Amino acid sequence: METHEIVEKLVKIGGSEWKKNEMHRVYFNDFSERLGLHVQLYNTGNISGATLNGEHISNSEAKKIIGRLNELKVWYDMTTGKLMLKNDATRGVTEEERGIIIKGLRRQIKEAGIPL
């Protein structure tokens with residue numbers, strides 16, 4: 001499979017292509033949905049309600065989860081053909097959250113016919 005075909009498929013499942021010098025990556029950012037976190041917002045941008053996998057959670061818990069997710073960087077490295085992850089260990093997502101996100105991405109990538 002050619003590089004541009006892989007990029008197209010990764011973008012179709014929610015990725016965003018990025019190139020700089022010798023680096024060529026497709027980043028993924030929609031971690032809230034991958035975890036099953038859904039938030040409703042006021043016009044101010046503050047959280048007015050939240051659920052995690054269909055169960056109500058507090059607005060402050062939702063804000064904490066979103067804060068942790070912002071520390072997570074996940075990309076498909078076009079040079080190596082590997083799914084990569086960078087997580088600030090002091091503020092990053094939990095092992096369980098990371099597992100859910102990576103497992104879901106790996107499944108989607110394999111379903112798209114892209115080698116890992």
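**Close-up 1. Glu111 and Arg107, about one helical turn apart in helix H4.** Glu111 and Arg107 sit four residues apart in helix H4, so about one helical turn separates them. (Helices are DSSP runs of H or I with at least four residues, strands are runs of E with at least two, and both are numbered from the N terminus.) Their side chains meet in a salt bridge, 3.4 Å from N to O. That term stands for a side-chain nitrogen of Lys or Arg within 4 Å of a carboxyl oxygen of Asp or Glu. Glu111 is exposed, with a relative accessible area of 60%, while Arg107 counts as partly exposed at 47%. (Buried is under 20% relative accessible area, exposed is over 50%, and partly exposed is in between, using a 1.4 Å probe and protein chains only.) Here's a handy rule: an α-helix has 3.6 residues a turn, so residues three or four places apart point the same way.

Before you look further, note that this is a predicted model: local features need pLDDT of at least 70 and side-chain atom pairs count only at pLDDT 80 or more, while totals for chains, interfaces and linings use all residues. Residues are numbered from 1 along each chain as its sequence is written, and side-chain values use heavy atoms, with hydrogens and water left out.

**Close-up 2. Asp30 pairs up with Arg34.** Side chains of opposite charge can pair when their charged atoms come close. Here the side chains of Asp30 and Arg34 form a salt bridge, with N and O 2.7 Å apart. Asp30 is partly exposed at 31% relative accessibility, whereas Arg34 is buried at 18%. How many salt bridges does a search of the whole structure find? The count comes to four.

**Close-up 3. Arg68 and Glu97, a salt bridge between two helices.** The closest N and O atoms of Arg68 and Glu97 are 2.5 Å apart, and the two residues form a salt bridge. Arg68 belongs to helix H3 (residues 59-69) and Glu97 to helix H4 (residues 95-111), so the pair ties together parts that are 29 residues apart in sequence. Are these two residues buried or exposed? Both Arg68 and Glu97 are buried, with Glu97 at 9% relative accessibility. A polar atom of the Glu97 side chain also lies 2.9 Å from the backbone nitrogen of Thr94. Leaving out residues up to four places away in sequence, Glu97 touches Leu35, Ile65 and Arg68. (Contact means heavy atoms within 4.5 Å.)

**Close-up 4. Arg25, buried without a salt bridge.** Look for Arg25 in strand E2. This residue is buried yet has no salt bridge, and the nearest side chain of opposite charge, Asp77, is 4.6 Å away. (For charge, Lys and Arg count as positive and Asp and Glu as negative; His and the chain ends are not counted.) What joins the side chains of Arg25 and Tyr27? It's a polar contact of 2.8 Å. (That means a pair of N or O atoms within 3.5 Å; within protein, one must be able to donate a hydrogen and the other to accept it, and residues adjacent in sequence count only if both atoms are side-chain atoms.) Setting aside residues up to four places away in sequence, the residues that Arg25 touches include Trp18, Trp75 and Tyr76.

Close-up 5. Ala62, Ile65, Arg68 and Leu69 are the buried residues here. Seen down the axis of H3, they fall within an arc of 125°, so they line one face of the helix. The buried residues of H3 pack against several elements, including H2, E4 and H4.

Close-up 6. Ile6, Val7 and Leu10 are buried in H1. They cover an arc of only 100° around the axis, which puts them on the same side of H1. Glu8 and Lys12 are exposed on the other side. The largest nonpolar core has 27 residues, and Leu10, Phe28 and Tyr76 have the most contacts inside it. (Such a core is a set of buried Ala, Val, Leu, Ile, Met, Phe, Trp, Tyr and Cys residues joined through side-chain atoms within 4.5 Å.) The largest share of this core, four residues, comes from H4.

Key: Lys, Arg positive; Asp, Glu negative; His and termini not counted. Arc of directions from axis to C-beta.
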